[in-house]
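This report looks at aromatic contacts, charges over rings and pockets in one protein model. The structure is shown first, and the description follows.

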Amino acid sequence: MKLHKKGHAWLGLTLALLLLCGTVLSGCGGSGDKTKVRIGEVTRSIFYAPQYVALEKGFFEAEGLDVELQTTPGGDKTMTALLSDAIDVALVGSETSIYVYQQGSDDPVINFGQLTQTDGTFLMARNTDTEFDWEMLKGSVFLGQRKGGMPQMAGEFALRKKGVDPHADLELIQNIDFANIASAYASGTGEFVQLFEPQASIFEKEGRGKVVASFGVESGKLPYTAFMAKQSYISQKEDTVQRFTTALYKAQQWVDSHSPEEIADAILPYFKDTDRDIVVSSVKRYKEQGTYATDPILDEEEWNNLLDVMDQAGELRERVAPEAIVDNSFAEKAMESK
């Protein structure tokens, strides 16, 4: 009888410990003890493949992070979400952090992990019968991107390098919302259009035009898209930011060492309405031109190229030194630990 009571006592103690484990420790190693990080991406794009790989291949999870991804269309909306604490980390063009800095913020936005290192747009020509020459743009109707955004600035930068003045030599349309540019071109607007993947590959497949040049190649390496957070968040969550950057680096290395087909299969859950062959084609284009950064470091040469692009576009009040709003320490540590 005493043994029976001891058995009940032991069972009760065990159940109590299990309950305590589940309540206080959120599963003692289960998903509940992971640190939540809310990412706001400026758009859903194959351009951001390493981010989706980090999610799908469990690199964030392995670092003890529970990452919640949401799309906040447009750089202005993404930055507003970050500044208002609706998200913890923004995936957006580095120019947005410069805009915030230029406004004299007390809590600047810091770039800590680069994702893409070239522009991600391509020049599509409606006329597929003639061999392309940059001179053909002169006098044409060009459907561009939003003023002040990186796609438009990098596009203009590339055009000038090719001897084309985007504001004097052609009719530049840039008052159409990003989400509606493809449909405007499909309905007949513009002889040339600046498009991201997979839209460029989709239009080629549909016979609406052909890709004749890459603005990523022509504008050179840039800290085009980066993960960033407010200085206050980074100061308070250094360990979280480090684990996030380590997971990012592992995903970047995975993308660098795998084929377009393997990458496409990994990210397909994020592009359920896009044919696999289109995803493969898009990833292949980006890999071939070195768009995906292979590590999270924002280097000074790329940063200065970004400043040149913004300066030519008339969007830069002063040249911002990288150390003012770039912190590579997390990237460097992530690369050391691999």
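Predicted model: local features only at pLDDT ≥ 70, side-chain atom pairs only at ≥ 80, totals over all residues.

A search of the whole structure finds 16 aromatic pairs. In one of these, F60 and F244 are 4.9 Å apart from centre to centre, with 35° between the planes, and the pair is tilted. Because F60 belongs to helix α3 (residues 59-62) and F244 to helix α11 (residues 238-257), this pair ties together parts that are 184 residues apart in sequence. F244 also pairs with F112: the ring centres are 5.8 Å apart and the planes stand at 75°, which makes the pair edge-to-face, because planes over 60 degrees apart are classed that way. Since F112 lies in strand β4 (residues 109-116) and F244 in helix α11, the pair ties together parts that are 132 residues apart in sequence.

## An aromatic cluster and charges over rings

One aromatic cluster is formed by F47, Y48, F122, F178, F196, Y224, Y286 and Y292. R285 lies over the face of F122, at 5.7 Å from the ring centre. A further arginine, R126, is placed over the face of Y185, at 4.0 Å from the ring centre.

## The largest pocket

The largest pocket holds about 990 Å³ of space. Its lining is made up of 41 residues, and T43, Q145, F178, A179 and F196 are those that lie nearest the pocket centre. F178 and F196 are also among the members of the aromatic cluster.

At least two residues of this lining come from each of α4 (75-83), α6 (150-161), α7 (181-186), β8 (192-196) and α8 (199-206). Sorted by class, the lining of the largest pocket consists of 19 nonpolar, 13 polar and 9 charged residues.

## The second largest pocket

The second largest pocket has a volume of about 180 Å³, and the residues that line this pocket are G75, D76, M79, L83, E95, T96, Y99, V100, Q103, R146 and G148. Two or more of these lining residues are given by α4 and by α5 (95-102), and α4 also supplies at least two residues to the lining of the largest pocket. The lining of the second largest pocket divides by class into 4 nonpolar, 4 polar and 3 charged residues.

Methods: Residues numbered from 1 in each chain as written. Heavy atoms only, no water. Phe/Tyr/Trp six-rings, centres within 6.5 Å; stacked < 30°, edge-to-face > 60°. Helix = DSSP H or I, 4+ residues; strand = E, 2+ residues; numbered from the N terminus. Lys NZ or Arg CZ within 6 Å of the ring centre and 35° of its normal. 1 Å grid on protein atoms, 1.4 Å probe; cavity = no way out; pocket = protein on both sides within 12 Å on 5 of 7 lines; lining within 4 Å. Points joined across faces, edges and corners; volume = space filled by probe spheres on them. Nonpolar A, V, L, I, M, F, W, Y, C, P; charged D, E, K, R; others polar.
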